[in-house]
Structures are given as C-alpha cells and as structure tokens.
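Student: Hey, can you walk me through this one? I'm new to reading structures.
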Amino acid sequence: MGSVPTRTATPSPYVDLSRAEWRALRRGSTPERELSERTPLPLTAEEVEALRGLGDVIDLDEVQDVYLPLSRLLNLYVAATHTLRQNLNTFLGDVPNGGGAQNGTPFVIGVAGSVAVGKSTVSRLLRTLLARWPEHPRVALVTTDGFLYPNAELRHRGLMRRKGFPESYDRRALTRFVADVKSGLPEVAAPIYSHLEYDIVPGERLVVRRPDILIVEGLNVLQPALPGKDGRTRLALSDYFDFSLYVDARTEDIRRWYLERFRALRETAFHDPASYFRRYTLVSEGEALGYARDTWRTVNEPNLLENIAPTRGRATLVLRKASDHTVHRIRLRKL
C-alpha cells in the first residue's frame with residue numbers, strides 16, 4: 001500500500017496569532033526592544049475610560065495585551081515607510097528636476113468595521129498611543145461620518161434608509177480630502193457630523209494640519225474603487241492607506257452590542273432635547289427596541305453582510321473580538 005498523503009494547511013496571506021502570542025510581541029529583541037522600551041507609560045485607567053465608547057469593554061489589560069503591541073507594530077511600519085521614502089528619493093536624485101522626489105507626508109491608517117463593533121474606540125486608542133511615540137507626536141483622527149450627505153440630500157435621493165451604505169457618502173469629497181492630506185497640503189478641512197443631531201453640522205469644519213499620522217475611521221473605508229460613468233476605474237480611498245485595520249466579530253454578537261448600545265443611549269443621550277432620537281424616550285422600551293431591531297435587520301445587517309464584511313480580506317490586520325468585546329485573535333497580512 002502507498003503512503004497516505006500528508007494534508008497541508010490551506011495557504012493564507014495572513015499570520016494568525018492568538019492573544020497570548022500577540023501579547024508577547026509587545027517587546028521585541030534588540031535593537032527593536034530598545035525602541036519599544038522608550039514608549040511612554042501606555043494609559044491610565046481614567047484615560048482608558050475617557051476613550052472607551054459606550055458599550056465597549058476595554059480596560060488596562062486589553063490596552064497592554066492588544067493595543068501596545070499594535071502601537072509598536074505601527075511604529076515599525078512608519079519608520080520603514082520613512083526609510084523607503086528616503087531610498088526612493090536617492091534613487092530619483094539623478095532625474096532632472098528631482099523626478100518627483102517626496103518630502104515627508106502623513107502615514108495614513110484606515111480603520112474599518114461594522115456599526116457597534118468598537119472601531120471608534122480602537123481609533124481613539126491608537127491616536128492616543130501613537131502620539132506618545134517621539135517619532136510621530138502629531139496624530140489626527142477623521143471619521144467618514146463627516147462625508148455623509150446631509151439628511152436633506154439623502155431624502156432627495158431616497159437614501160435615508162440607506163444611511164451608512166456606500167452610496168450615502170460623498171465618496172469623491174472623502175477621497176479628495178485624504179489625497180490632499182497625503183500630498184502634504186498645509187491645511188485640509190473636513191465636514192463635521194453630529195451624532196446627537198444625526199446630520200452634518202452646517203458651516204463647521206475639522207481642520208487637519210500636516211499630521212505625522214492620519215487615522216481614517218469608517219464603515220466602508222476598505223471598499224474597492226467603483227468604475228465611473230465612463231467605465232474607467234477610479235482610485236479608491238484605500239489606495240491612499242499605508243496600513244489598514246478591520247475590527248471583526250460574529251454578526252450575532254455585533255447585533256447584541258448594537259441593541260445594548262441603543263438601550264443605553266435611550267437612557268442617556270436620547271433625552272437631550274436636541275437629539276434626533278428623543279422620540280424613542282417618549283414611547284415604551286419595547287416599542288423603542290422594536291425600532292432598533294428593525295433598523296438592524298433592514299439597514300445595519302445588510303450593510304455589514306453586503307458591503308463591510310467582504311472588505312475584511314483587504315485589511316493589513318484583523319482584530320477578532322470574542323462575545324465579551326475582548327480581542328482574542330489577530331490576523332496580520334504577510335509581506
């Protein structure tokens with residue numbers, strides 16, 4: 001009888017790490033270890049609480065185990081990109097007029113994931129941790145909510161029940177914004193979105209001034225480019241990213257977190273007279289949660305399954321959360 005063939009693992013573009021394996025990477029060997037030991041004390045419990053989103057379960061252990069190694073990895077990526085840029089400029093040095101030699105431009109990180117999965121908390125944590133590295137103290141964070149069309153325009157286009165879907169954003173303006181920041185313009189402005197009013201704030205702008213790192217957080221930031229009306233493929237937002245991160249969890253867990261967050265907001269922020277959702281404090285909890293379940297079923301879950309989750313494989317790194325919101329596995333794309 002012939003020998004039984006050995007079953008080999010399916011090839012993957014990712015390195016799959018457990019939380020324990022990932023935690024061990026917080027400190028590397030020399031010379032990287034010397035670099036990691038210069039990282040300032042991560043965060044205090046009070047700082048973590050201030051950065052934590054409603055419903056997120058993040059404590060100092062989570063910061064130390066998950067986000068400090070990620071901060072160190074990103075620091076290495078930023079340093080490597082700087083070195084590559086210097087080498088490219090050396091290569092282009094003999095070309096007349098510099099041949100397009102580059103000055104320092106921001107390192108751009110994209111953070112994607114579903115509604116209620118915790119990507120906003122991840123983005124705020126990264127902004128704070130990365131700014132504590134002496135090599136890149138200026139870290140800006142922009143959410144794509146500011147590039148949603150105003151509610152009046154969404155109503156005009158019949159898209160109010162598609163809010164958060166790719167077509168509800170001014171994707172051209174969003175891509176132009178990131179391209180302008182990436183090109184090194186001294187000031188670039190983005191619209192501001194109010195979650196209280198559930199709309200763009202007229203006349204208000206967030207101004208970004210040549211950051212060392214720009215974090216762009218949103219549902220659909222890893223979407224591939226769509227062909228234009230002339231059939232030509234355009235640049236995607238993600239074409240400007242140097243690193244991208246996807247926050248992942250089981251759909252049923254995200255649904256539960258969404259409903260828990262809605263219930264918590266109904267007890268707090270929805271009571272503000274200016275809140276778009278104040279009407280859900282004036283009905284029974286059952287009626288209000290019925291609305292939330294319907295919104296999940298008809299808007300958020302279809303958007304997750306049709307548009308957001310399919311982009312997970314385009315990320316540089318995937319944080320996989322367990323049912324208690326803690327990260328238990330990390331997938332890092334191989335070079």
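Predicted model: local features only at pLDDT ≥ 70, side-chain atom pairs only at ≥ 80, totals over all residues.

Student: Where does H9 bend?
Tutor: At Trp296, by about 45°. You can look at the ends too: H9 (residues 285-308) has 24 residues, yet its end C-alpha atoms are only 30 Å apart, while a straight helix would reach 34 Å. Trp296 is also among the buried residues of H9.

Student: New topic. Is Asn75 buried or exposed?
Tutor: Asn75 counts as buried because its relative accessibility is 2%. You'll find Asn75 in helix H4 (residues 60-91).

Student: What does its side chain make a polar contact with?
Tutor: With the side chain of His136, at 2.9 Å.

Student: How many residues are in the largest nonpolar core?
Tutor: There are 84, and Tyr67, Phe177 and Leu317 have the most contacts inside that core. H4 gives the most to this core, with 9 residues.

Student: Which residues is Phe177 in contact with?
Tutor: If you leave aside neighbours within four places in sequence, Phe177 is in contact with Val142, Phe147, Val188, Ala189, Ala190, Val208 and Leu214.

Note on methods. Residues numbered from 1 in each chain as written. Heavy atoms only, no water. Helix = DSSP H or I, 4+ residues; strand = E, 2+ residues; numbered from the N terminus. Buried < 20%, exposed > 50% of the residue type's maximum accessible area, 1.4 Å probe, protein only. Polar contact = N/O pair within 3.5 Å; in protein donor to acceptor, adjacent residues only side chain to side chain. Expected span 1.5 Å × (residues − 1). Bend = angle between axes of the 7 residues up to and from the residue. Core = buried A, V, L, I, M, F, W, Y, C linked by side-chain atoms within 4.5 Å. Contact = heavy atoms within 4.5 Å.
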